[in-house]
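Here is a short briefing on a ligand and the pockets of its protein. Look at the structure, then read on.

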Amino acid sequence: MKIVIKKDYVELSKFAALEVKNILEDNPNCTLGLATGSTPLGLYKELIKLYNLGEINFSSVTTFNLDEYRGLNEEDEQSYKYFMNDNLFNHINIDKNNTFIPNGIAEDVERECENYEKLIGEKGGIDLQVLGIGMNGHIGFNEPNQELYLNTHLETLTEETLNSNSIFFTNKEKMPTEALTMGIGSIMKAKKIILLISGKNKAEVVKKLVSGKITTDFPASILQVHNDCTVILDEEAAALLNK
Ligand code: PGA
């Protein structure tokens, strides 16, 4: 696992955008794995800037998002489908038919998860996966547990995740308690991974991430054995490293 420390969130976001740009330059038909949450917002802003400057072209790109809340449809402003359209896809030249997110309102969830996993394989797998990390070490919505799932599946969200993510919901009662998420195997199969971590509230999380131990109590710890994973930190998130 390679660690890159940037001065602040803006620099972190710019660095991440260049990583994406490089992948697209090498392979304009590449497949990106994308994340939601507050951390990748700066990256998406930078990508839109690069697109407006004519420096990046998404016309042949395919994307797979990590996860979607169970029970929210794409018109719901809290759905990740809506989030991605609003924060990235509506502002770039991507073909929305090539942007995939698990269907949160699928009647047959198991089948939806199987199909999603299959589709990633059919598209040749993920070339670059963008990740954030939860306060409990989750990646996607793979929550700490005794066992972790390899493939896309339905996950019950922990209290900690519900609390952290409730900031996005004006009506907390409406917040889903389950999500469809890529599994740990789906993520680890990505050829390259960039994990973005920002802010002093994530400094302890970073310390655990690089602990040298792998545990299902902290799902992101598995990334230590991925052979091309770069963790991009700002100085605040890196504050407790080597301490
Ligand atoms: P955040 O969420 O970027 O909003 O901190 C990350 C996550 O929960 O994976």
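A polar side-chain atom of S38 lies 2.7 Å from an oxygen atom of the ligand, a polar contact (a pair of N or O atoms within 3.5 Å). The model is predicted: local features need pLDDT of at least 70, side-chain atom pairs count only at pLDDT 80 or more, and totals for chains, interfaces and linings use all residues. Residues are numbered from 1 along each chain as its sequence is written, and side-chain values use heavy atoms, with hydrogens and water left out.

**Ligand contacts**
- A side-chain N or O atom of H138 is 2.7 Å from a ligand oxygen atom.
- For K202, a side-chain N or O atom is 2.8 Å from an oxygen atom of the ligand.
- On its own the ligand has 280 Å² of accessible area, and the protein covers 81% of this (Shrake-Rupley method, 1.4 Å probe).
- Residues around the ligand (a heavy atom within 4 Å) include G37, T39, G132, I133 and G134.

**Largest pocket**
- The ligand sits in the largest pocket (more than half of its atoms lie within 2 Å of the grid points).
- A pocket is an open set of points on a 1 Å grid over the protein atoms alone, where a 1.4 Å probe fits, with protein on both sides within 12 Å along at least five of seven lines; lining residues have an atom within 4 Å of a point.
- The largest pocket holds about 530 Å³ of space, the volume filled by probe spheres set on the points.
- Its lining has 27 residues, and G37, S38, I133, N165 and K202 are the closest to its centre.

**Second largest pocket**
- This pocket holds about 180 Å³ of space.
- Among its lining residues are Y69, E77 and F168.

Terms used: Polar contact = N/O pair within 3.5 Å; in protein donor to acceptor, adjacent residues only side chain to side chain.
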